[in-house]
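Before going through the details, please look over the sequence and the model together. The report below takes up one region at a time.

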Amino acid sequence: MNNNNFEKINFLKIKKENGQKFLDLFINTYKNENIIEKKVRIIKEDDYVLIPLIERRDLNEFLTKIIHNQFEYQIISKESNIHLKIKYRALQDVLKDKIFNKYKELIPKSFDIIGEIAIIEFNTFKFQDDENLHLIKKEIAEAITLVNNKIISVYEKISEIKGIFRLRKLNLLYGKDISETIYRENSCLFKLDIKRTFFTPRLVYERNRIVSSNIKENEIIIDMFAGVGPFSIQIAKKHKVMIHAFDINPYAYNYLCENISLNKLIGTITPHNLDINNLLNSNNEIGKSLKNKADRVIMNFPENSIKYLNVACYLMKKSGGILHNYQISTKPNSIKNAINKLDDNLRKNNWFIGQIITSKVVKPFSPKSDLVVIDLIIRK
Ligand SMILES: C[S@@+](CC[C@H](N)C(=O)[O-])C[C@H]1O[C@@H](n2cnc3c(N)ncnc32)[C@H](O)[C@@H]1O
């Protein structure tokens, strides 16, 4: 897993020469208080230093108390790289005297943070029969809330992602059993429920990449497996396009609708709670209206996307268009294998690969497979 993540963070902006003064003032007077965000590095910018701050309601009052007119400062907000490894060190610190050394290897080196929720995965193989295991997990979960005070609930993954809705079972380890949260990514907000809708923060770079690709004004885009809308919403935030976003899961659809309203979009998104296969029925009105209309189709259902290529072909403009196809593809040669699958299956539908725009491994998926993305132009 990637060890970095991006979040909006508040920084104290002060002249370089006041940097040490601030740290001394803070440490001398308020050493038991928390104000510095340890997961983010201090930034040097010309004559200034930017000191990352944790989120706290009384931030302004607290800073006024510490600095007490001794020098000028500003609070600025900046998209920042969160170093999860630093969080790991902080986690180890908090747990130093709370768990025996033999359990330290259970402390996760990284975990997903979605809004106010942390989701962790333990490698418990060695501790299967250990009667303390559950208590240790709870200690670790509590420690996560201490090193990141934004987090109010910590869940543990207890199954693989399964089923048509692509959900996994989660067990609450610490905090409130509230699985609905609001996640922020690339200046967009996503309301979602981690138990009822698929969502992964790990595709942040992928969504950024697609949003920054050569999308033209007024394109018609089909997001075949939209979930709560991370691809559609980020595209419509930046581009004046018309998107049709489909998901079979009614919860994902409802959040998608809410997320469309939550974000100021310049493009339009029409949400549909529908099995994408239904579009092929000759009496399906949405299918009829979208047949051969798409300039671009996004297929973010890596385990099954090949199965739905016929639908993508049905929707694509006859003159051809762009496909963003995600696949779980076997190693070795996962990229080549994914392209071959596309080639074979497009031919079966009387389409073919016009040009491969991008082909890359997004991340390793299992010892034997990769998550691969192929962006390509398909032609009839
Ligand atoms: C891997 S998730 C991707 C969701 C979203 N693109 C994202 O990045 O969060 C796949 C989504 O496809 C939906 N899905 C599965 N089969 C479908 C079908 N036949 N028609 C429409 N949606 C489907 C699932 O409910 C799930 O939300």
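Predicted model: local features only at pLDDT ≥ 70, side-chain atom pairs only at ≥ 80, totals over all residues.

## The ligand and its surroundings

The ligand is surrounded by 20 residues, and the closest of them are F225, D247, D275, I276 and N300. Sorted by class, this shell consists of 13 nonpolar, three polar and four charged residues.

A polar backbone atom of F225 lies 2.7 Å from a nitrogen atom of the ligand, while the side chain of D275 places a polar atom 2.9 Å from a ligand nitrogen. The side chain of Y308 also contributes, with an N or O atom 3.2 Å from a nitrogen atom of the ligand. Taken alone, the ligand exposes 590 Å², of which the protein buries 99%.

## Salt bridges

Side chains of opposite charge can pair when their charged atoms come close. The structure holds 19 salt bridges, including the one between K157 and E121, in which N and O are 3.6 Å apart. Since K157 belongs to strand β7 and E121 to the loop between β6 (117-120) and α4 (133-147), this pair ties together parts that are 36 residues apart in sequence. With a relative accessibility of 14%, K157 falls under the 20% limit and therefore counts as buried, whereas E121 is partly exposed at 47%.

Another salt bridge joins R209 and E206, whose closest N and O atoms are 2.7 Å apart. These two residues are three positions apart in helix α5 (residues 204-211), so about one helical turn separates R209 from E206. R209 is partly exposed, having a relative accessible area of 22%, but E206 counts as buried, because its relative accessibility is 2%.

K288 and E285 also meet in a salt bridge through their side chains, at 3.2 Å from N to O. Both residues lie in helix α8 (residues 285-290), where they are three residues apart, about one turn of the helix. K288 is partly exposed with a relative accessible area of 43%, and E285, at 55% relative accessibility, passes the limit of over 50% and so counts as exposed. Elsewhere, salt bridges that share partners join E206, R209, K360 and D375 into one network.

Which backbone oxygen does the side chain of H239 reach? The side chain of H239 comes to 2.7 Å from the backbone oxygen of V211. H239 is placed in the loop between α6 (230-238) and β12 (242-247), and its relative accessibility of 15% is the reason that H239 counts as buried.

S369 is found in strand β17 (residues 369-379) and, at 8% relative accessibility, counts as buried. The side chain of S369 is joined to that of S366 by a polar contact of 2.7 Å.

E33 occupies the loop between α1 (16-30) and β2 (43-45), and with 35% relative accessibility E33 counts as partly exposed. E33 and L167 are separated by 134 residues in sequence and, from C-alpha to C-alpha, by 39 Å in space.

## Backbone details

Most residues other than glycine have a negative phi, and most peptide bonds are trans. Against this background, the peptide bond from K331 to P332 is cis, with omega near -10°. P332 sits in the loop between β15 (321-330) and α10 (334-348).

S187, which is not a glycine, has a phi near 65°, and its place is the loop between β9 (180-185) and β10 (188-193), where S187 is partly exposed at 46% relative accessibility. N292, likewise a residue other than glycine, has a phi near 55°. N292 lies in the loop between α8 and β14 (296-299) and, at 21% relative accessibility, counts as partly exposed.

Note on methods:
Residues numbered from 1 in each chain as written. Heavy atoms only, no water. Near = heavy atom within 4 Å. Polar contact = N/O pair within 3.5 Å; in protein donor to acceptor, adjacent residues only side chain to side chain. Areas by Shrake-Rupley, 256 points an atom, 1.4 Å probe, with all protein chains shown as cover. Nonpolar A, V, L, I, M, F, W, Y, C, P; charged D, E, K, R; others polar. Helix = DSSP H or I, 4+ residues; strand = E, 2+ residues; numbered from the N terminus. Buried < 20%, exposed > 50% of the residue type's maximum accessible area, 1.4 Å probe, protein only. Salt bridge = Lys/Arg side-chain N within 4 Å of Asp/Glu carboxyl O.
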